[in-house]
Amino acid sequence: MSLRIIFMGTPEFSVPTLAALAQAGHKIVAVYTQPPRPGGRRGLDLQKSPVHQAAELLGIEVRTPLNFKADEDREAFRALDADVAVVVAYGLLLPEAILSGTRLGCYNGHASLLPRWRGAAPIQRAIMAGDRETGMMVMKMEKGLDTGPVALTSLVSIGPDMTAGELHDTLMVRGAALMRDAMEKLEADDLPLTPQRDEGVLYAAKIAKGETHIDFTKPAQEVHDHVRGLSPFPGAWFELDIAGKRERVKVLASMVETARGETGTALFDDLTIACGDRSIRLTRLQKAGGKVLPADEFRRGTPVPAGTRLF
């Protein structure tokens, strides 16, 4: 026996779950993903999403509607006669016609401990908030934003220096295994559903451009969490005066230090920068258009002596 599954996902994060369900012997009747977007070196070539590419390699039909407003798209979804839809980072809010368009409903793989961090950027927000634990959850979807009852949970510790990229990769693997287990239980009619708590709700809004700039007036721990929460993308940044011109520099890794001094100023020659309390040492950096470099290599090409002001 196996389930007839519609898979809905778009980024790299979704691919292991698609692969796990296919390897478990389920029939993936179609894959829904976001339409190809301009990309490539010139930013002009249409690029298929990672899920689109993975589905093609697996020989699965791919569908890329912009939305489900058209009756024909909704009917085409229902016509697949699927048992269940599995949704992992699809990137589109699903209407009721889709949520109820399969025999058993839609199940979502979400990268937080709901109801904390409902929404678009749970991985980044958890780290930026200094959370010490997060996880993957499989929930049954309903009309609200990530409000449905939870089926299964896999807890993940967040290390003090873990970046969003590292947490992403850990959760990506955990999520695939968790959804595989959830579908096995669903097929056996043994999948529990527990309503979410009413308290502790937080929303993980998309990362806005304006919040990626580093504010060195904040406490060092907050700055450190900000850096690692935005690493490797979109990247926290400051500006440095280089040859009379301000250039943007991204920070991909850092360490909290105890030294104190004038906020936003280099205290030593090793990129230790004073914060609102204590300081932070920048350990991996990237200039615009350049490679990501460890601090020692960065300083050889761009010295930042003690007393230098960062903006």
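I began with strand E9, residues 133-140, and looked up how it meets E10. Seven bridges join the two strands, which run antiparallel. I followed one of these pairings and noted that Thr-134 has Val-156 in E10 as its bridge partner. I keep in mind that this is a predicted model.

I then traced the sheet as a whole. I found an open sheet of seven strands with mixed pairing, in the order E5-E2-E1-E6-E7-E9-E10. Strand E5 (62-63) and strand E10 (150-157) stand at the edges; each has a single partner strand, so one side of each is left without a neighbour in the sheet.

**Cores**

I next asked which residues have the most contacts inside the largest nonpolar core. They are Phe-7, Leu-18 and Met-183, in a core of 39 residues. Helix H6 (residues 164-187) gives the largest share of this core, with nine residues. I listed the contacts of Met-183, leaving aside residues up to four places away in sequence: Met-183 touches Leu-3, Ile-5, Leu-21, His-26, Val-84, Val-86 and Tyr-107. I also recorded a second, separate core of 23 residues, which includes Phe-216, Phe-238, Leu-271 and Ile-280. As background, I note that nonpolar side chains tend to be buried together in soluble globular proteins.

I looked up the largest pocket and found about 1400 Å³ of space in it. It is lined by 40 residues, of which Ala-89, Gly-119, Ala-120, Ala-121 and Pro-122 are the closest to its centre. Strand E6 (84-88), strand E7 (106-110), helix H5 (122-128) and H6 each supply at least two residues of this lining. By class, I recorded 24 nonpolar, eleven polar and five charged residues in the lining of the largest pocket.

The second largest pocket holds about 200 Å³ of space. I listed its lining as Thr-10, Pro-11, Gln-34, Pro-35, Arg-37, Gln-47, Lys-48, Ser-49 and Pro-50. This lining divides into three nonpolar, four polar and two charged residues.

**Helix H7**

Last, I asked how many residues of helix H7 (residues 220-229) are buried. The helix is mostly covered, with eight of its ten residues buried. I noted the buried residues of H7 as Ala-220, Val-223, His-224, Asp-225, His-226, Val-227, Arg-228 and Gly-229. I then looked up what covers them, and the cover includes H5, H6, strand E12 (236-242), strand E13 (245-257) and strand E15 (279-287).

Conventions
Residues are numbered from 1 along each chain as its sequence is written. This is a predicted model: local features need pLDDT of at least 70, side-chain atom pairs count only at pLDDT 80 or more; totals for chains, interfaces and linings use all residues. Side-chain values use heavy atoms; hydrogens and water are left out. Two strands pair if DSSP finds at least two bridges between them. Helices (H or I, at least four residues) and strands (E, at least two) are DSSP runs, numbered from the N terminus. A nonpolar core is a set of buried Ala, Val, Leu, Ile, Met, Phe, Trp, Tyr and Cys residues joined through side-chain atoms within 4.5 Å. Buried means under 20% relative accessible area, exposed over 50%, partly exposed in between (1.4 Å probe, protein chains only). Contact means heavy atoms within 4.5 Å. On a 1 Å grid over the protein atoms alone, a cavity is a set of points where a 1.4 Å probe fits but cannot get out, and a pocket is an open set with protein on both sides within 12 Å along at least five of seven lines; lining residues have an atom within 4 Å of a point. Grid points are joined across faces, edges and corners, and a volume is the space filled by probe spheres set on the points. Ala, Val, Leu, Ile, Met, Phe, Trp, Tyr, Cys and Pro count as nonpolar, Asp, Glu, Lys and Arg as charged, and the others, Gly among them, as polar.
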